[in-house]
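Visitor: I am new to this structure and would like to learn how to read its features one by one. Could we look at it together?

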Amino acid sequence: MTALTLPAQPGHEASPRPVPWRRMAWITWRQHRLAVAGVVAVLGAVSVYLYITGEQLRHQGFISYGAGPVLSITAVLFQAIPPLIGAFVGAPVLARELETGTFRFTWTQGFGRARWTVATLAPLALAVTIAAAAFGLVFSWSYGPQIIGNPVLSPLAATTFDLHEVTLAGWTLVAFAIGSVAGIAIRRVVPAMFATLVAWSGLAVLTGAFLRRHYQAPLVTSNFTLPDGAWIESQRWAQDGHPVSLSAVDQVLQKIGATVAAPGHLGQLPAAGSQSAAGSQSAPAPGPGSVNPAQYLLHHGITQLTTYQPASRLWPFQWIEGGWLLALSLLLMAAAVWLVLRRAA
Amino acid sequence: MNVIEAAGLGKRYGSTWALRECTLAIPDGHVAALVGPNGAGKTTLLNLAVGLATPTAGTVSVLGGTRPGSPAALDGIAFVAQDAPLHANLSVADTLHLTRNLNRRFDQGYARARLDELGIPLTRKAGKLSGGQQAQLALTLALGRRPRLLVLDEPMASLDPLARHDFMATAMTAMADDGVSVVLSSHVLTELERVADYLVLMSRGSVQVAGEVDDLLASHRVLTGPAAEAGRYAERLAVVHARRGGAQAHLLIRTNASTDPVPPGWEAHPVSLEELALAYLREPGAASLPGPVRAERTEVSP
């Protein structure tokens with residue numbers, strides 16, 4: 001062994017040319033191909049299912065909105081796609097290097113640790129975002145007919161809103177970014193995965209519950225009948241421009257033998273003789289010749305004001321959400337690079 | 001040129017100083033041994049030198065004034081961390097390819113030939129290699145980069161005696177043939193005694209002794225004489241460590257051996273590197289540094 005000698009030393013420069021970025025492509029692929037392949041395989045399999053469902057729906061020739069519950073259950077399952085990608089692809093990227101100690105090897109090579117981090121995170125982020133966007137496209141195509149124009153379910157509702165191509169891509173990217181930050185901050189794979197799931201879920205719930213409704217100023221209407229797919233924010237009673245309590249409304253309604261259970265429920269209250277499906281209302285079935293409660297209230301100057309987002313805002317809302325998720329993801333990944341630079345062995 | 005140079009260097013983790021007031025200059029062209037007990041700050045110093053950690057206080061530069069972690073420093077320094085961490089799920093061939101891609105230069109031919117000599121199969125996963133093979137693989141990767149400075153942190157810790165010998169032989173060949181400077185740490189001096197020609201002795205987070213091994217050996221002596229007189233000489237001589245055995249006292253002193261006279265009735269013996277290191281490690285207050293020397297401890301130990 002001692003006979004084996006090193007060749008003459010090449011020139012060393014004070015500021016060497018950096019190692020080209022493209023050299024990292026093979027490394028990132030080699031180290032994360034299983035994760036990427038897993039994402040593509042799972043999303044691909046579900047896409048096939050969605051494609052078959054979509055084809056059947058189209059051959060059926062009519063759309064049954066009664067499929068709502070089925071749609072909701074599968075949609076809730078799909079909500080797990082971004083956090084799982086964040087936990088299984090995003091979190092281990094940096095956490096595993098730190099947990100196994102290989103960062104001492106990787107970060108002391110000529111490539112440099114900041115560039116290594118960028119060259120690892122960027123292609124993976126791009127890959128999972130594209131995969132999610134492709135899946136979102138299939139979802140939009142397959143479930144679109146059931147969502148767009150559905151009188152019961154608003155396309156803006158949290159059930160399906162974040163499963164279209166723009167938002168699913170955005171939520172997947174942000175999950176990946178959260179995972180990468182959690183990985184470098186926590187430095188252990190499994191805790192980082194859990195932290196990713198928790199942080200992503202928190203962000204998603206807060207967005208659905210509080211943030212999304214403020215993307216554009218809502219519309220207000222006093223019509224009892226709302227446009228299809230309206231996303232109702234709030235409903236309240238008013239008399240001559242002043243708010244009225246529910247009991248006051250009930251008092252008025254008692255004269256015709258009707259009640260209202262809660263604000264909003266009158267909007268679906270069966271107008272006399274109508275065939276609406278809102279059978280759970282507390283209003284007694286109006287006999288022939290009875291008064292329409294809605295009209296009766298109008299007659300007494302009581303109106304129902306509904307604040308809502310129209311279904312037509314689906315795509316503007318998609319792009320607004322996709323936009324801020326992209327910005328947040330870039331910020332988080334920049335934070336991950338900064339943490340890598342700051343990380344002391 | 002100094003391969004590692006530190007001035008007032010300190011590193012704190014939480015509230016503990018792992019390294020404090022470290023001033024040091026390791027010249028190039030040496031195999032420098034960083035020796036000290038566990039927790040002396042050896043790994044911290046090396047991490048600072050290879051850019052894995054940033055100083056809390058003071059400054060450190062490498063390869064003649066380059067900032068650790070800068071592109072030039074990363075390009076010129078190859079580092080093998082303790083336990084030689086490698087990606088366990090990659091095959092040896094993939095690991096070679098990985099290292100080639102991460103560096104401006106990598107001598108694939110050299111690396112493959114060396115692994116072939118060592119009998120390390122290219123198809124095996126790095127995680128399935130024995131501890132000795134992993135260390136040899138990590139060293140091969142480091143040497144294949146043709147660095148100017150090779151930094152090895154506790155390279156021998158996980159190796160059996162034969163593997164240690166092979167490992168050191170490889171490092172020494174690189175040193176002799178290619179002029180690579182080597183800095184390696186260990187908490188066991190004996191295994192470095194044969195190879196190191198520069199010694200840095202550390203304890204409790206600071207540097208106690210630094211210098212060329214030949215100079216250190218020439219400037220220290222053990223004096224043996226009557227125990228009753230030991231106290232008298234101890235006040236006059238730069239005693240590093242004193243040991244009494246019955247009527248005899250053994251004083252390890254810092255002296256200019258060729259000119260300083262030996263007191264009558266006393267005998268002078270040259271010291272071995274191990275004796276010297278142990279003496280200093282037993283007396284954390286004593287120091288032998290090329291710069292201003294701290295106050296010697298002259299008390300005679302019981």
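Visitor: Which residue stands opposite B:Leu9 in E2(B)?

Guide: A word on the model comes before the reply: this is a predicted model, in which local features need pLDDT of at least 70 and side-chain atom pairs count only at pLDDT 80 or more, while totals for chains, interfaces and linings use all residues. Residues are numbered from 1 along each chain as its sequence is written, and chains are lettered from A and ligands numbered from 1 in the order in which they are written. Strands (E, at least two residues) and helices (H or I, at least four) are DSSP runs, numbered from the N terminus, and two strands pair if DSSP finds at least two bridges between them. Here the residue opposite B:Leu9 is B:Cys22 in E2(B), and the strands E1 (residues 2-13) and E2 (residues 16-27) of chain B pair in the antiparallel sense over eight bridges.

Visitor: How many residues lie between the strands in the hairpin of E1(B) and E2(B)?

Guide: The hairpin has two residues between its strands, and B:Gly14 takes a positive phi near 65 degrees there.

Visitor: In which order do the strands of the open sheet of three stand?

Guide: In a regular strand the side chains alternate between the two faces of the sheet. In chain B the order is E2-E1-E4, with antiparallel pairing, and the edge strands, each pairing on one side only, are E2 and E4 (57-62). E1(B) and E4(B) are joined over five bridges, with B:Ile4 opposite B:Val62 in E4(B).

Visitor: What is the order of the open sheet of six strands?

Guide: That sheet of chain B runs E5-E6-E7-E3-E8-E9 with mixed pairing, and its edge strands are E5 (77-80) and E9 (206-212). Within it, E6 (residues 149-152) and E7 (residues 181-186) of chain B pair in the parallel sense over four bridges, and B:Leu149 stands opposite B:Ser181 in E7(B).

Visitor: Which domains does the domain assignment of chain B give?

Guide: Domain bounds come from an automatic or database domain assignment, and for chain B this gives domain 1 (2-213) and domain 2 (219-282). Their centres, taken over C-alpha atoms, are separated by 35 Å. Two residues are in contact if their C-beta atoms, placed from the backbone, lie within 7 Å, and 11 residues of domain 1 of chain B are in contact with five residues of domain 2 of chain B. On the side of domain 1 of chain B that touches domain 2 of chain B, the largest share, three residues, comes from E8(B).
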